[in-house]
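Dear colleague,

I am passing on the structure below, and some notes on how parts of it pack follow after it. Please read them with the coordinates open.

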Amino acid sequence: MAKRETKREYVRIRADSGQHRRIIAIMVILGFAVFIPIVLQLYQLMITDYSYYANLALRNQTRTTTVTAHRGTIYDRNMNILAISHTVENVYLDPHELKQSKADLNLVAQNLSDILGVDKEKILRLSKDLTKRYQQVAANIDEETAALVRSFINENQISGVHLEPSSKRSYPYGTLASQVLGFTNASNTGAEGIEAAYNAYLEGTAGKVITTKGNNEMDMPYSYEKYVAAIPGCSVVLTLDATVQACLEKQMRSAIARYDVQNGAFGMVMEVKTGKILAMATLGGYDPNNYLEIADPTTAQELEQLRLAYLAQPEGSEAREKGKAAYEEALSAARLKQWRNRVLSDGYEPGSTFKVLTMASALDCGAIDLKTGFHCNGAEKIPGRSQLLHCWRSTGHGSETTAQALQNSCNLAFAHIALKLGGERFYDYISRFGIMEKTGIDLAGESKGVFFPKELITNTDKWGTASLTSGSFGQTFKLTPLQLVRAVAAVVNGGNLMEPYIVEEVLSAEGKTVLLQEPTVIRQVISEQTSKTMCELLKSVVDVGTAKNAAVAGFSIGGKTGTSEKIDVLDENGQPTLDKIVSFIGVAPMENPQYIVLVALDTPSRATGMYISGGQMAAPTVGAVMADILPYLGVTKDQVEQK
């Protein structure tokens, strides 16, 4: 009996052992089932996503302060500094840090107000604004002022007031060549002119200071710090000559005052054989050191009246909102106008200066020669035109040779030259002179001319003939001043159309050449012989023609006058104005042309009582520029410079 009981107990124990093992096995399986996802999650966090979380931890544990890179310097061709950056500092508050350190906000506000000249209440308001960690109090302060701020911080053991290095752009020559140079905006980025076009070279690479931070982003004393130095930007050396630029602007300002010019002036100086721009000006300009300030006193006064008018309206009223919008729109338009470089951005009717291209084309293809004769009665019915064509001289010029047609700037003679040339050849030559394309200058904002469609100018109906004949003397189409200067330079330099440029070289911070630009010939437009003939004819225009006022004693000057109407500009009644742009394009020395100068005066006043024409107003202005710059550029009187 006892043996039987023992056997039963043994069987029960064996049965319990089997169940126990099953339980253990299930527990192990369940353990693995729970543990595997944890392992996978840990693998994901520690292996797969390691870089992401490491960077996130680094950002949470460190503070990065940007160190602004110095922009490169802009030089003229003689290494005179036109734009340079200076080290300055910005002062900012960290409201969270001020709160955590229990700083005396009144003490902070009062002292910073005294040092920086900033309103105390404004500083208090910024110090309590916890929506941002960065509240700028002052920007671009000098080293002396920054030292006073540091002394205050150190003496009072203030946490939450910081200084950061920055860079401030300055322009030592003020308004000189302002539209060419441009300016940098609040973020130290080039916004116009060279500053914008070469920003990638000039801006450099910002540096940074990395420090550890604790709770509430408080800086930790005696902690890790890493400094990554900023890389200065490259410097840019222009073809521009500050002295030539100053001479051009001086004579343009004198002309504006002398002839009471209403809408400013524009002009440029270029080397005819290389395309290098020595000067480029648009008046009125602005001071890039204060680029948001309206430079023209009259415009500034008008804007101030608009501002006061809307401020006089009740707060929140519709009249106030409309007045404010009108003021802001007018302010924006005024700024854009003074920043605009008209030489490359604005099209205008060239008037009789364009006759240089018409005659060069006709002589080059043999449509006319120097023996071709013309007759001008003052007005003529040209077959294919619906109305009489008038010459600027109502009594006419009588019989004329080819040379006299250019000397007299006779519209009727040039209409017949265009007819002999024909629409097909006229269009092809003008196209080869680059009038239908941008010049490719290394500045932003260039426009191109608006010329007749080829289908129109080659048509023999009245519109085609009217366009061909009017186009021959520079009316009813537009080009930019830069396009005209480049084309006329091709006429006198042996026939080569050059690509104009204004940056000679880009230098690294170590002084190594990063970019070097050289003269580029786009194509030959006319023959060398035609070019020599045109030089003789252009010289005669100054010697005995409409441009006598451009003559400079001792120098051989050539060129062409122009007077064009602004037919697309309407007055307050919707009628075309009588406004004119008078211009002269001059070349010197004519035996071996080196330099070309254009000056255009926009809307001389009739109140002066003077006859409004390029010969009376623009020619003497260019003559004065030539008298200033030719000796400086090494052209001696009665001596041709050989190059």
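At what angle do helix α10 and helix α22 pack, and how far apart are their axes? This is a predicted model, in which local features need pLDDT of at least 70 and side-chain atom pairs count only at pLDDT 80 or more, while totals for chains, interfaces and linings use all residues. Residues are numbered from 1 along each chain as its sequence is written, and side-chain values use heavy atoms, with hydrogens and water left out.

Helix α10 (residues 242–258) packs against helix α22 (residues 614–632) at about 160 degrees, with the axes 9 Å apart (axes are lines fitted to C-alpha atoms, for helices over the stretch in contact, and angles run from 0 to 180 degrees between N-to-C directions; helices are DSSP runs of H or I with at least four residues, strands runs of E with at least two, numbered from the N terminus). The two helices are therefore roughly antiparallel, a term for angles over 145 degrees.

Turning to the sheet, 5 strands form an open, antiparallel arrangement in the order β10-β9-β21-β20-β19, where strands pair if DSSP finds at least two bridges between them. The edge strands, each pairing on one side only, are β10 (277–283) and β19 (558–565). Between β9 (residues 265–271) and β21 (residues 595–602) there are 7 bridges, and Val269 stands opposite Val597 in β21. Helix α10 also packs on this sheet, touching β9, β10 and β21 (contact means heavy atoms within 4.5 Å), and its direction makes about 30 degrees with that of β10.

Best wishes

Definitions and conventions. Parallel < 35°, antiparallel > 145°, perpendicular 65-115°, else oblique.
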